[in-house]
Amino acid sequence: MIWLSLLLLAFIFQIATILVLEFRNPGRAVAWMLILFAVPLIGFVLYYFVAQDYKKRRKLRRRGSPLFQEIKARLWQQTEIIDSIEQMKNKDFQGQERLFGLLTRLSESPITGCNETEIYSSGEPAFHAMLEAMYRARHHIHIEFYIFRDDGIGRQFKQAMIEKARQGVKVRLVCDGLGSYQLPQAFVKELEQAGAEVYFFLPPLIAMLDRRVNYRNHRKILVVDGQVGFVGGLNIGDDYLGLYENMGYWRDTHLRISGDAVYDLQRTFLGDWQLASGSLVSESGLFPEHCCKGEEHVQILTSGPDQHWDAIQEMWFGAIAVAKKRIWITSPYFIPDPSIYAALKTAAVAGVEVIVLLPYHSDSRLVKLASLSYVEELMQAGVRFYEYTKGFVHAKVLIVDDLVGTVGTANMDMRSFFFNFEMLALLFDREPIKRLERDFLQDLSDSREIRQEEFMTRPRRQKGAELVARLLSPLL
């Protein structure tokens with residue numbers, strides 16, 4: 001009887017701890033309590049090691065922010081900054097003072113006016129462009145990816161890094177410790193022997209012991225000589241070339257940038273390098289002056305535990321809230337937080353065309369079930385859902401009216417919003433938005449629409465699985 005009482009007290013203590021620490025986020029509290037009821041002791045151990053540690057978040061923020069302050073004044077002198085709405089070339093932006101004010105205050109990265117961009121819709125041309133830029137490097141190559149594989153394309157990138165490092169080019173590589181945990185030590189050793197520097201962002205064991213396993217660096221950045229940069233959905237692996245039979249054709253969106261916005265890609269990389277390596281890179285030549293050839297307006301937006309704001313989530317909410325004609329979304333994982341969910345539902349009810357493109361074949365059964373749990377309610381409000389059937393769609397794209405298009409690393413899910421280190425490029429000019437539009441329409445032609453009347457008849461077993469996945473969705 002005494003033992004039963006002690007077990008009951010221990011269980012009550014575990015529940016109380018979760019409620020006290022997660023009172024700001026009821027969804028997470030419910031998810032963790034569900035796990036706790038399913039596996040009482042194991043669930044609490046998982047919570048201790050995996051749940052967000054706000055002290056660590058503040059620590060990361062203190063360490064990460066000084067870097068930009070040291071170089072901010074010099075960068076702004078070299079950059080064409082758009083600091084008034086009258087400077088926006090996109091005439092549809094006139095009258096959007098609220099959205100413009102949000103974008104200029106959310107991030108330390110301004111809207112810049114001297115850029116050229118090129119959008120890639122699959123891995124092959126994007127990898128070719130990245131490798132070509134690397135082989136042209138004269139000063140430095142900075143690479144950061146969530147996943148880096150030791151396979152065909154991974155070895156091509158390794159060879160390029162080795163060759164350039166031996167030529168005296170400074171090569172720095174950051175990989176996420178969890179995403180790239182399978183990267184062999186021999187692979188890393190070859191790079192280091194050639195003179196490249198390699199660091200892993202929060203390796204799993206260290207992250208677990210330090211209770212930071214939930215912080216993953218999901219960014220994909222390549223910066224060459226401070227002049228050319230790449231960002232988007234692609235990691236380094238043969239699956240991103242469509243060479244994995246179980247996934248098939250891989251549809252992704254990646255972006256090449258030259259001009260002012262490269263400075264912000266560089267700044268972000270150097271901040272992540274400092275967090276991963278513990279050292280600050282301050283050599284000359286990292287932010288060279290450039291000859292401005294393009295006139296595109298671009299903003300780089302980052303979010304993560306080193307930021308004061310959940311900038312990407314807040315930007316998406318702000319953009320969705322002002323939409324008048326259309327909101328087109330492509331995301332492999334669709335788990336909107338309550339504010340994004342309400343914004344999409346409200347927009348659809350108000351007559352805005354809201355279309356969400358999801359993969360038919362998902363790489364995560366649990367995430368797919370969680371995504372489907374939102375479909376029925378949003379379809380009733382007028383949101384249209386399509387499933388991509390040509391292969392696997394991994395692109396992360398948002399198009400709002402003719403105002404803005406985004407390309408980057410963030411999925412429309414709560415992990416990208418609140419836990420991962422993420423990055424988006426915001427595009428404001430008509431031509432890149434038109435390119436994203438053409439790709440989206442092509443993707444719709446390679447998809448099937450989820451019909452409400454058919455979806456409502458899905459089996460009860462699936463509805464039950466979706467319910468459980470929905471309850472767990474704040475943790476996915």
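The following legends describe several close-up views of one predicted protein model.

Residues are numbered from 1 along each chain as its sequence is written, and side-chain values rest on heavy atoms, with hydrogens and water left out. Because the model is predicted, local features need pLDDT of at least 70 and side-chain atom pairs count only at pLDDT 80 or more, whereas totals for chains, interfaces and linings use all residues.

**View 1**
The secondary structure of the protein chain comes to 19 helices and 19 strands, where helices (H or I, at least four residues) and strands (E, at least two) are DSSP runs numbered from the N terminus. Of the 476 residues in the protein chain, 61% are buried, a word that here means under 20% relative accessible area, with exposed meaning over 50% and partly exposed lying in between (1.4 Å probe, protein chains only). The protein chain exposes about 20,300 Å², of which carbon and sulfur atoms supply 56%; such accessible areas come from the Shrake-Rupley method with a 1.4 Å probe, and for residues only the protein chains shown count as cover. Among contacts with a separation of 6 or more, 81% are between residues 24 or more positions apart, a contact being heavy atoms within 4.5 Å.

**View 1. The nonpolar cores and the surroundings of F148.**
A nonpolar core is a set of buried Ala, Val, Leu, Ile, Met, Phe, Trp, Tyr and Cys residues joined through side-chain atoms within 4.5 Å. The largest one has 99 residues, and M134, F148, W316, I327 and F385 are those that touch the most other members. Helix α7 (residues 123-135) gives this core its largest share, seven residues. A second, separate core holds 28 residues, including A395, V397, M423 and L427. When its neighbours within four places in sequence are left aside, F148 is in contact with G154, F157, M161, L173, C175, S180, L183, F187 and I236.

**View 2. H218, one of the residues listed by UniProt under "active site".**
The unreviewed UniProt entry lists H218, K220, D225, H394, K396 and D401 under "active site"; UniProt positions are given in the numbering used here, feature names are shortened, and annotations may be inferred rather than shown by experiment. H218 lies in the loop between α10 (204-209) and β5 (221-224), and it counts as buried because its relative accessibility is 9%. Not counting residues up to four places away in sequence, H218 touches Y146, K396, T409, N411, N420, F421 and E422. A polar atom of the H218 side chain lies 3.0 Å from the backbone oxygen of T409.

H394 is placed in the loop between β14 (391-393) and β15 (397-400), and it is buried because its relative accessible area is 5%. Apart from neighbours within four places in sequence, the residues in contact with H394 are G233, Y240, W250, R251, D252 and P332. The side chain of H394 reaches the backbone oxygen of G233 at 3.2 Å.

**View 5**
All five of the five residues of strand β10 (residues 326-330) are buried, so the strand is largely enclosed by the rest of the structure. R326, W328 and T330 point one way from β10, while I327 and I329 point the other way. Two strands pair if DSSP finds at least two bridges between them. β10 pairs with strand β12 (residues 353-359) in the parallel sense over five bridges, and the bridge partner of R326 in β12 is E353. With β15, β10 pairs in the antiparallel sense over four bridges, and there W328 stands opposite I399.

H290 is found in the loop between α11 (261-277) and β9 (296-303), and at 18% relative accessibility it counts as buried. A polar contact is a pair of N or O atoms within 3.5 Å; within protein, one must be able to donate a hydrogen and the other to accept it, and residues adjacent in sequence count only if both atoms are side-chain atoms. Such a contact joins the side chains of H290 and D260 at 2.7 Å, and another joins the side chains of H290 and Y263 at 3.0 Å.
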